[in-house]
Amino acid sequence: MLETGFFPITTGIITGAQDEGSQTTCDDELVYQNVIISGFGLPSVTPVWQAWARMYTVDIGSNIYVDFTEASNNEATTAIINHSVKFIASADLRESDMEALQSADVLVFPSFALGMSIGYTIPEFTLNAQLPTLIMTGQLLAGIYMGDIDRWNHPDIVRANPGLASLLPNQTIKVMVRSEPEGHTALFLDGIIRLGNNYSLQVTDNTTWPSLDPTRKVVSTADNAASILQQNPYCIGYL
């Protein structure tokens with residue numbers, strides 16, 4: 001985890017209440033109507049929004065349903081702008097996304113916070129559950145992602161982890177990066193620059209980590225980052 005913690009804010013976006021549904025009439029009078037409120041969102045926020053959807057149906061009425069489906073950030077943003085869904089939930093809206101949403105007259109507001117964490121895969125550590133926790137400060141993360149710290153037994157990492165000094169492997173640190181521009185990357189970069197105060201790389205939402213040796217990069221998407229991390233020994237990444 002980052003030592004002080006910083007959080008991407010999950011953003012709920014909702015348009016006008018033009019609910020979709022089916023209805024039954026008798027002698028031209030409405031006798032029954034099912035109302036379906038459809039929404040898209042990232043896998044990371046799906047459990048919370050699906051729970052809220054169930055609670056909403058119970059509280060409001062059995063004929064009103066909220067249909068929340070997993071989708072990528074690009075899919076969700078495109079759908080809300082085209083009015084294909086009534087709301088979306090995203091954890092990493094980019095500046096360009098916000099401009100497009102404002103142009104489409106979409107209301108944007110924060111709904112809850114998610115923590116960003118750091119994961120790593122060191123095979124030597126997985127064999128011993130009694131080992132001390134690896135300490136990874138913001139300064140170390142900045143050094144790794146800016147290309148200055150490239151091995152797991154680098155003196156700076158050893159200095160922060162004296163209890164693991166003899167076990168930190170002399171292995172190249174593989175660094176997991178995103179395959180496409182996204183807000184999550186901009187948030188992470190902003191965080192490590194704040195914590196690693198010797199660095200001043202400009203924060204953008206399309207960072208390609210130019211300081212990193214290309215042979216050390218492991219590419220992932222936001223959705224498969226955890227599995228990619230597990231599949232690559234000596235890798236570190238943000239989740």
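Modeller: Helices (H or I, at least four residues) and strands (E, at least two) are DSSP runs, numbered from the N terminus. By that reading, Met 55 is found in helix α1. Please keep in mind that this is a predicted model, in which local features need pLDDT of at least 70 and side-chain atom pairs count only at pLDDT 80 or more, while totals for chains, interfaces and linings use all residues. Residues are numbered from 1 along each chain as its sequence is written, and side-chain values use heavy atoms, with hydrogens and water left out.

Colleague: How many aromatic pairs does a search of the whole structure find?

Modeller: A pair of aromatic rings is described by the distance of the centres and the angle of the planes. Rings of Phe, Tyr and Trp (its six-membered ring) pair if their centres lie within 6.5 Å, and planes under 30 degrees apart count as stacked, over 60 as edge-to-face and the rest as tilted. The search finds six such pairs. One of them joins Trp 49 and Phe 68, which are stacked at 5.8 Å centre to centre with 10 degrees between the planes. Because Trp 49 sits in helix α1 (residues 46–60) and Phe 68 in strand β4 (residues 64–70), this pair ties together parts that are 19 residues apart in sequence.

Colleague: Are Trp 49 and Phe 68 buried or exposed?

Modeller: Buried means under 20% relative accessible area, exposed over 50%, and partly exposed in between (1.4 Å probe, protein chains only). Trp 49 is buried at 13%, and Phe 68 is buried at 6%. Phe 68 also stacks with Phe 87, the ring centres being 5.9 Å apart and the planes at 20 degrees. Since Phe 87 belongs to strand β5 (residues 87–90) and Phe 68 to strand β4, that pair too ties together parts 19 residues apart in sequence. Phe 87 is buried, with 6% relative accessibility. Together with Trp 52, the residues Trp 49, Phe 68 and Phe 87 form one aromatic cluster.

Colleague: Which residues have the most contacts inside the largest nonpolar core?

Modeller: A nonpolar core is a set of buried Ala, Val, Leu, Ile, Met, Phe, Trp, Tyr and Cys residues joined through side-chain atoms within 4.5 Å. The largest one has 29 residues, and Tyr 145, Trp 152, Ile 192 and Trp 209 have the most contacts inside it. At least two core residues come from each of α5 (138–145), β8 (174–178), α7 (183–195) and β10 (235–238), with α5 giving the largest share, five residues. Taking contact to mean heavy atoms within 4.5 Å, and leaving out residues up to four places away in sequence, Tyr 145 touches partners including Val 175, Phe 188, Ile 192, Trp 209 and Tyr 238. Apart from this core lies another, of ten residues, among them Val 35, Trp 49, Ile 64 and Ala 89.

Colleague: How many salt bridges does the count come to?

Modeller: Side chains of opposite charge can pair when their charged atoms come close. A salt bridge is a side-chain nitrogen of Lys or Arg within 4 Å of a carboxyl oxygen of Asp or Glu, and the count comes to one. Asp 156 bridges to Arg 159, with the closest N and O atoms 2.8 Å apart. Because they are three residues apart in helix α6, Asp 156 and Arg 159 are separated by about one helical turn. Asp 156 is partly exposed at 31%, whereas Arg 159 is exposed at 60%.
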